[in-house]
Amino acid sequence: MLAGERTYAAWVRTGLAALASGIGARALLKDVVFPWLATATGTMLILFSAFCFVAAVWREMGAGAPPPRPDIKRLPAALLLVMNGFLMLVSLAALVGIWTARS
(Lines give C-alpha, C1' and ligand atoms only; values in the text may rest on other atoms or scores of the structure.)
Protein backbone atom coordinates (compact mmCIF):
# COMPACT_ATOMS: atom_id res chain seq x y z
CA MET A 1 0.00 0.00 0.00
CA LEU A 2 2.67 2.48 1.00
CA ALA A 3 4.82 1.52 -1.97
CA GLY A 4 1.91 2.38 -4.27
CA GLU A 5 1.50 5.77 -2.62
CA ARG A 6 5.24 6.42 -2.92
CA THR A 7 5.01 5.63 -6.62
CA TYR A 8 2.05 7.99 -6.97
CA ALA A 9 3.97 10.72 -5.14
CA ALA A 10 6.99 10.16 -7.40
CA TRP A 11 4.85 10.65 -10.53
CA VAL A 12 3.33 13.85 -9.14
CA ARG A 13 6.73 15.12 -8.00
CA THR A 14 8.19 14.46 -11.44
CA GLY A 15 5.23 16.23 -13.06
CA LEU A 16 5.61 19.29 -10.87
CA ALA A 17 9.35 19.44 -11.57
CA ALA A 18 8.71 19.15 -15.33
CA LEU A 19 6.06 21.88 -15.13
CA ALA A 20 8.42 24.27 -13.33
CA SER A 21 11.24 23.35 -15.72
CA GLY A 22 9.05 24.05 -18.75
CA ILE A 23 8.09 27.49 -17.53
CA GLY A 24 11.68 28.21 -16.50
CA ALA A 25 13.13 26.94 -19.77
CA ARG A 26 10.90 29.28 -21.76
CA ALA A 27 11.80 32.24 -19.56
CA LEU A 28 15.52 31.58 -19.37
CA LEU A 29 16.19 30.37 -22.90
CA LYS A 30 14.25 33.01 -24.85
CA ASP A 31 17.30 35.31 -25.11
CA VAL A 32 19.86 32.52 -25.52
CA VAL A 33 18.46 30.40 -28.37
CA PHE A 34 15.95 30.94 -31.14
CA PRO A 35 12.56 31.89 -29.63
CA TRP A 36 10.83 28.95 -31.30
CA LEU A 37 13.34 26.56 -29.70
CA ALA A 38 12.75 28.01 -26.23
CA THR A 39 9.00 27.69 -26.72
CA ALA A 40 9.32 24.13 -28.06
CA THR A 41 11.46 23.11 -25.09
CA GLY A 42 8.99 24.58 -22.62
CA THR A 43 6.11 22.96 -24.47
CA MET A 44 7.67 19.50 -24.37
CA LEU A 45 8.39 19.75 -20.65
CA ILE A 46 4.88 20.98 -19.87
CA LEU A 47 3.31 18.22 -21.97
CA PHE A 48 5.48 15.72 -20.12
CA SER A 49 4.20 17.14 -16.83
CA ALA A 50 0.61 16.61 -17.98
CA PHE A 51 1.51 13.03 -18.91
CA CYS A 52 2.96 12.48 -15.43
CA PHE A 53 -0.24 13.70 -13.77
CA VAL A 54 -2.33 11.31 -15.87
CA ALA A 55 0.09 8.44 -15.30
CA ALA A 56 0.01 9.00 -11.53
CA VAL A 57 -3.75 8.43 -11.35
CA TRP A 58 -3.70 5.62 -13.91
CA ARG A 59 -0.95 3.81 -12.01
CA GLU A 60 -2.56 4.32 -8.61
CA MET A 61 -6.06 3.26 -9.68
CA GLY A 62 -5.03 0.54 -12.10
CA ALA A 63 -5.46 -3.08 -11.27
CA GLY A 64 -2.35 -4.87 -10.16
CA ALA A 65 -1.55 -7.83 -8.03
CA PRO A 66 -4.02 -8.08 -5.19
CA PRO A 67 -2.44 -6.33 -2.22
CA PRO A 68 -2.51 -7.79 1.27
CA ARG A 69 -5.15 -6.46 3.62
CA PRO A 70 -3.74 -3.11 4.81
CA ASP A 71 -4.13 -1.56 8.23
CA ILE A 72 -4.74 1.86 6.72
CA LYS A 73 -7.25 3.18 4.20
CA ARG A 74 -6.32 4.02 0.61
CA LEU A 75 -6.50 7.57 -0.64
CA PRO A 76 -10.00 8.20 -2.01
CA ALA A 77 -10.17 7.89 -5.80
CA ALA A 78 -12.20 11.10 -6.02
CA LEU A 79 -9.42 13.01 -4.25
CA LEU A 80 -6.83 11.66 -6.69
CA LEU A 81 -8.95 12.60 -9.68
CA VAL A 82 -9.71 16.10 -8.40
CA MET A 83 -6.13 16.95 -7.44
CA ASN A 84 -4.56 15.57 -10.59
CA GLY A 85 -7.30 17.14 -12.71
CA PHE A 86 -6.40 20.48 -11.16
CA LEU A 87 -2.72 19.88 -11.87
CA MET A 88 -3.60 19.07 -15.48
CA LEU A 89 -5.43 22.40 -15.74
CA VAL A 90 -2.37 24.17 -14.33
CA SER A 91 -0.23 22.44 -16.97
CA LEU A 92 -2.58 23.49 -19.74
CA ALA A 93 -2.68 27.07 -18.41
CA ALA A 94 1.12 27.14 -18.38
CA LEU A 95 1.17 25.83 -21.92
CA VAL A 96 -1.19 28.57 -23.05
CA GLY A 97 0.90 31.06 -21.10
CA ILE A 98 4.18 30.22 -22.81
CA TRP A 99 2.57 30.25 -26.23
CA THR A 100 0.85 33.60 -25.74
CA ALA A 101 3.55 35.39 -23.74
CA ARG A 102 5.25 38.24 -25.51
CA SER A 103 8.96 37.76 -26.06
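Modeller: Let's begin with Leu28, which sits in helix 1; helices here are DSSP runs of H or I with at least four residues, numbered from the N terminus, while strands are E runs of at least two. This is a predicted model, where local features need pLDDT of at least 70, side-chain atom pairs count only at pLDDT 80 or more, and totals for chains, interfaces and linings use all residues. Residues are numbered from 1 along each chain as its sequence is written, and side-chain values use heavy atoms, with hydrogens and water left out.

Biologist: Is Leu28 buried or exposed?

Modeller: Buried means under 20% relative accessible area, exposed over 50%, and partly exposed in between, with a 1.4 Å probe and protein chains only. Leu28 has a relative accessible area of 67%, so the label is exposed.

Biologist: What distance separates the C-alpha atoms of Leu28 and Thr7?

Modeller: Leu28 belongs to helix 1. Along the chain, Leu28 and Thr7 are 21 residues apart, and their C-alpha atoms are separated by 31 Å.

Biologist: Which residues does Ile23 touch, leaving out those up to four places away in sequence?

Modeller: Ile23 is in helix 1 too, and counts as partly exposed because its relative accessibility is 42%. Contact means heavy atoms within 4.5 Å. With residues up to four places away not counted, Ile23 touches Ile46 and Ala94.

Biologist: And Thr14, which residues does that one touch?

Modeller: Thr14 lies in helix 1 and, at 36% relative accessibility, is partly exposed. Its C-alpha atom is 8.8 Å from that of Phe53, 39 residues apart along the chain. Not counting residues up to four places away in sequence, Thr14 touches Phe48 and Cys52.

Biologist: How are helix 2 and helix 3 oriented to each other?

Modeller: Helix 2 covers residues 35-61, and helix 3 covers residues 77-100. Their axes come within 10 Å and cross at roughly 170°; axes are lines fitted to C-alpha atoms, for helices over the stretch in contact, with angles from 0 to 180 degrees between N-to-C directions. Angles under 35 degrees count as roughly parallel, over 145 as roughly antiparallel, 65 to 115 as roughly perpendicular and the rest as oblique. Therefore helix 2 and helix 3 are roughly antiparallel.

Biologist: Leaving aside neighbours within four places in sequence, what is Leu87 in contact with?

Modeller: Leu87 is part of that largest core. With those sequence neighbours set aside, its contacts are Val12, Leu16 and Phe53.

Biologist: Last one: which residue's backbone oxygen lies 2.7 Å from a polar side-chain atom of Thr43?

Modeller: Thr43 is in helix 2 and counts as buried because its relative accessibility is 10%. Leaving out residues up to four places away in sequence, Thr43 touches Leu95, Ile98 and Trp99. The backbone oxygen lying 2.7 Å from a polar atom of the Thr43 side chain belongs to Thr39.

Technical notes: Polar contact = N/O pair within 3.5 Å; in protein donor to acceptor, adjacent residues only side chain to side chain. Core = buried A, V, L, I, M, F, W, Y, C linked by side-chain atoms within 4.5 Å.
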